[in-house]
Amino acid sequence: MDSAFSFMDIIIMLGGVYLIYASVQMKRTGEISSAIVGKGYDPKKAKDPKGFIEYMYLKSILMGVLVIASGVSNYLNDKYWNIPSFSLIVCGIFFALIVVYGKITVDAQKKYLAPK
């Protein structure tokens with residue numbers, strides 16, 4: 001087991017936990033989290049911040065869970081399973097998840113957060 005990869009797996013898992021936390025906080029407070037929107041969007045000028053929160057809440061929770069699952073599975077493979085090419089496959093799936101989530105987020109920002 002390479003400790004550098006284990007450290008990265010832990011960082012990835014923490015990123016998933018933070019995404020879930022940011023989503024729950026966003027839903028609880030009604031304020032859009034900077035962890036979910038790009039720098040180009042000013043939440044104060046949003047046309048439908050509540051719609052954005054509703055649209056992104058479950059998607060962000062699911063993405064956080066999938067990020068955690070990818071980190072955990074890669075860590076378990078490094079520590080116990082030792083399946084050849086498993087890390088490469090997980091990285092490919094992780095990359096695809098990021099691309100899809102990014103597209104969903106950008107579309108939601110255009111729809112709900114574009115200036116009035």
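This report covers model confidence, helices, salt bridges and selected residues of the chain.

The model is predicted: local features need pLDDT of at least 70, side-chain atom pairs count only at pLDDT 80 or more, and totals for chains, interfaces and linings use all residues. Residues are numbered from 1 along each chain as its sequence is written, and side-chain values use heavy atoms, with hydrogens and water left out.

**Confidence and helices**

The chain has a mean pLDDT of 91, with 95% of its residues at 70 or more; pLDDT is the predictor's confidence in each residue, from 0 to 100. Helices are DSSP runs (H or I, at least four residues) numbered from the N terminus. Confidence in the chain is lowest in helix 1 (residues 3–29), at a mean of 92, and highest in helix 2, at 95. Helix 3 (residues 86–113) has 28 residues and reaches 39 Å from its first C-alpha to its last, close to the 40 Å expected at 1.5 Å a residue. The expected span is 1.5 Å times one less than the number of residues.

**Salt bridges**

The structure holds two salt bridges (a side-chain nitrogen of Lys or Arg within 4 Å of a carboxyl oxygen of Asp or Glu).

| Pair | N to O distance |
|---|---|
| Lys27 and Glu54 | 2.6 Å |
| Lys103 and Asp107 | 3.0 Å |

Lys103 and Asp107 are four residues apart in helix 3, so about one helical turn separates them.

Lys27 is partly exposed at 34%, and Glu54 is exposed at 51%. Asp107 is partly exposed, at 34%.

**Selected residues**

Asn77 lies in helix 2 (residues 49–81) and is buried, with a relative accessible area of 3%. Not counting residues up to four places away in sequence, Asn77 touches Asn82, Ile83, Phe86 and Ser87; contact means heavy atoms within 4.5 Å. Phe86 is itself among the buried residues of helix 3, which also include Val90, Tyr101 and Tyr112.

Lys110, also in helix 3, is exposed, with a relative accessible area of 52%. Leaving aside neighbours within four places in sequence, Lys110 is in contact with Tyr41 and Lys47. Lys110 and Tyr18 are 92 residues apart in sequence and 24 Å apart in space, C-alpha to C-alpha.

Conventions. Helix = DSSP H or I, 4+ residues; strand = E, 2+ residues; numbered from the N terminus. Buried < 20%, exposed > 50% of the residue type's maximum accessible area, 1.4 Å probe, protein only.
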